[in-house]
Amino acid sequence: PTSVLVGGMSALLRWYPRLGLRPVPQLELIVENESAAAAVKVAGYAGWQPARQGPGFTRLQDESGRSLLIHHGLPQAVVGPLREEGLRLFRERAVELSEVEGSPLVLDAGDELMFICGFGARTTAPPTYQWLIDVHSLLRSGELPGTEELLERARGSHLVLPLRATVAYLAELCGSDLSPELLAKLDAEPASRRDRVAFRLGGVDDRRALPAAQVLAIHLRATANEPLYR
């Protein structure tokens, strides 16, 4: 099955000048849902063994304890209400890293930004700031599509608020010259009450309430284009 490299290794290979500048605790791949079993089988030939099965993902480990995370389709924290259409769009825009051995397929810079913010701008355990450094490097790369195109993608996945919070925080931390046009457009973008509630739930830091809050936040975004009563 054809896979798409995402996450830390994708960021490292493109937006860091040297490999030693970013830790990569796990490899992450996206495959079509129907190809997930085949991908796990192929990974087994290379020494990866299943360690945990979850809704929409399989985590594997090798003998040295390194992790491989295989997403069965686009994670719901990223795709929102686009569902299967989201994976098709992301794959259509994916690009090959021809300068890297094996020419791995990666998300285009705009979709990688959505992927990072979809996961990063919410409570995670254990907490990490590495995703913010990835976004900063990405915003400085000059590889992003135009502002209107980014906004269109964020609207489709209902990721406007996570993207806005991320860019605003980095601009405050690193200087107002970081993507001022994008930040201005994001500030002017309206957000529905459902999106605002989902974003707040994604940031819940009570460990007892966190699992339920994350599930509800994902559900609210996944059904954002449907009537509330459904």
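Where does serine 179 lie? Serine 179 sits in the loop between helix H8 (160–174) and helix H9 (180–188). Helices here are DSSP runs of H or I with at least four residues, strands are runs of E with at least two, and both are numbered from the N terminus.

A quick word on the basis: this is a predicted model, in which local features need pLDDT of at least 70 and side-chain atom pairs count only at pLDDT 80 or more, while totals for chains, interfaces and linings use all residues. Residues are numbered from 1 along each chain as its sequence is written, and side-chain values use heavy atoms, with hydrogens and water left out.

Serine 103 belongs to another loop, the one between strand E6 (95–96) and strand E7 (105–106). In the table, buried means under 20% relative accessible area, exposed over 50%, and partly exposed in between (1.4 Å probe, protein chains only).

| Residue | Phi (positive, residue other than glycine) | Relative accessibility |
|---|---|---|
| Serine 103 | near 45 degrees | 28%, partly exposed |
| Serine 179 | near 50 degrees | 19%, buried |

Now to helix H10, residues 193–202. Its buried residues are Arg194, Asp195, Ala198, Leu201 and Gly202. They lie on the same side of H10 because they cover an arc of only 125 degrees around the axis, where the arc is that of the directions from the helix axis to the C-beta atoms. What do the buried residues of H10 pack against? Their partners are H8 and helix H11 (210–222), with contact meaning heavy atoms within 4.5 Å.
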